[in-house]
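Hi there,

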Amino acid sequence: MTGLLTSGLLYSLAACAEIAGCFSAWAWLRLGKTPLWLIPGSLCLGLFALLLTFSPSDHAGRAYALYGGIYIIISLFWGWAVEGIAPDGWDIAGAVLCLGGAMLILLAPHGRH
């Protein structure tokens with residue numbers, strides 16, 4: 001269970017870094033912010049990539065698939081906290097479905113018969 005919590009925290013931190021990095025470009029191009037927003041954004045994207053390398057998965061593709069489920073949930077929280085858009089029932093249902101898929105990937109007995 002400790003490994004599951006550690007993975008969840010790692011993926012959550014990576015998602016926050018990726019979203020912050022991408023949001024910096026969004027803020028510059030869509031919200032009229034200064035291009036200087038790209039500097040911390042680039043650092044956040046670098047941190048995101050670094051954090052994913054600490055994934056406990058043996059395969060990068062599987063690690064990214066697991067990350068995707070967490071990313072969706074963190075994205076909805078970001079939209080709520082930063083942009084003031086609360087998730088609706090469809091958002092929550094979709095996030096639960098995706099997290100269920102990520103958990104299946106994580107907990108499945110891959111290669112064990």
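**A loop residue to start with**

S55 sits in the loop that runs between α2 and α3. One thing to keep in mind from here on is that this is a predicted model. Is S55 buried or exposed? The relative accessible area of S55 is 12%, which is under the 20% cut-off, so S55 counts as buried. Leaving aside residues up to four places away in sequence, S55 touches L10, Y11 and A63.

**The chain as a whole**

The chain has 4 helices and 0 strands, and read along the sequence its pattern is α-α-α-α. Its C-alpha atoms fill a box of roughly 55 × 35 × 20 Å, taken along the principal axes. There are 113 residues in the chain, and 25% of them count as buried. Among contacts with a separation of 6 or more, 67% are accounted for by residues 24 or more positions apart.

**The nonpolar core**

As background, nonpolar side chains in soluble globular proteins tend to be buried together. In this model, the largest nonpolar core has 17 residues. Which residues have the most contacts inside it? They are Y11, A14, F48, L52, Y67 and I74. The elements that give two or more residues to this core are α1 (2-30), α2 (38-52) and α3. Of these, α1 provides the largest share, with 8 residues.

Not counting residues up to four places away in sequence, F48 touches A14, A17, E18 and Y67. Y11, one of the residues with the most contacts inside the core, is also among the residues touched by S55.

**How α3 and α4 pack**

A pair of packed helices is described by the angle between their axes and the distance between the axes. For helix α3 (residues 60-81) and helix α4 (residues 89-107), the angle is about 155° and the axes are 9 Å apart. That angle makes α3 roughly antiparallel to α4, because angles over 145 degrees are counted that way. The crossing of α3 past α4 is left-handed.

Which residues make the contact? On the α3 side they are R62, A65, L66, G69, I70, I72, I73 and L76. On the α4 side they are D91, A95, C98, L99, A102, I105 and L106. Sorted by class, the contact of α3 with α4 has 12 nonpolar, 1 polar and 2 charged residues.

**Some individual residues**

- C22 is found in helix α1. Its relative accessibility is 39%, so C22 counts as partly exposed. C22 and C44 are 22 residues apart along the chain, and their C-alpha atoms are separated by 8.6 Å.
- I39 belongs to helix α2. With a relative accessibility of 52%, I39 counts as exposed. From I39 to A49 there are 10 residues in sequence and 16 Å in space, C-alpha to C-alpha.
- S42 is also placed in helix α2. S42 has a relative accessible area of 48% and is therefore partly exposed. The C-alpha atoms of S42 and A20 are separated by 9.3 Å, with the two residues 22 apart along the chain.
- S75 has its place in helix α3. At 25% relative accessibility, S75 counts as partly exposed. S75 and I19 are 56 residues apart in sequence and 7.1 Å apart in space, C-alpha to C-alpha.

Notes. Residues numbered from 1 in each chain as written. Predicted model: local features only at pLDDT ≥ 70, side-chain atom pairs only at ≥ 80, totals over all residues. Heavy atoms only, no water. Axes fitted to C-alpha atoms, helices over the stretch in contact; angles between N-to-C directions. Parallel < 35°, antiparallel > 145°, perpendicular 65-115°, else oblique. Left-handed = near helix turned anticlockwise from the far one by under 90°. Contact = heavy atoms within 4.5 Å. Nonpolar A, V, L, I, M, F, W, Y, C, P; charged D, E, K, R; others polar. Core = buried A, V, L, I, M, F, W, Y, C linked by side-chain atoms within 4.5 Å. Buried < 20%, exposed > 50% of the residue type's maximum accessible area, 1.4 Å probe, protein only.
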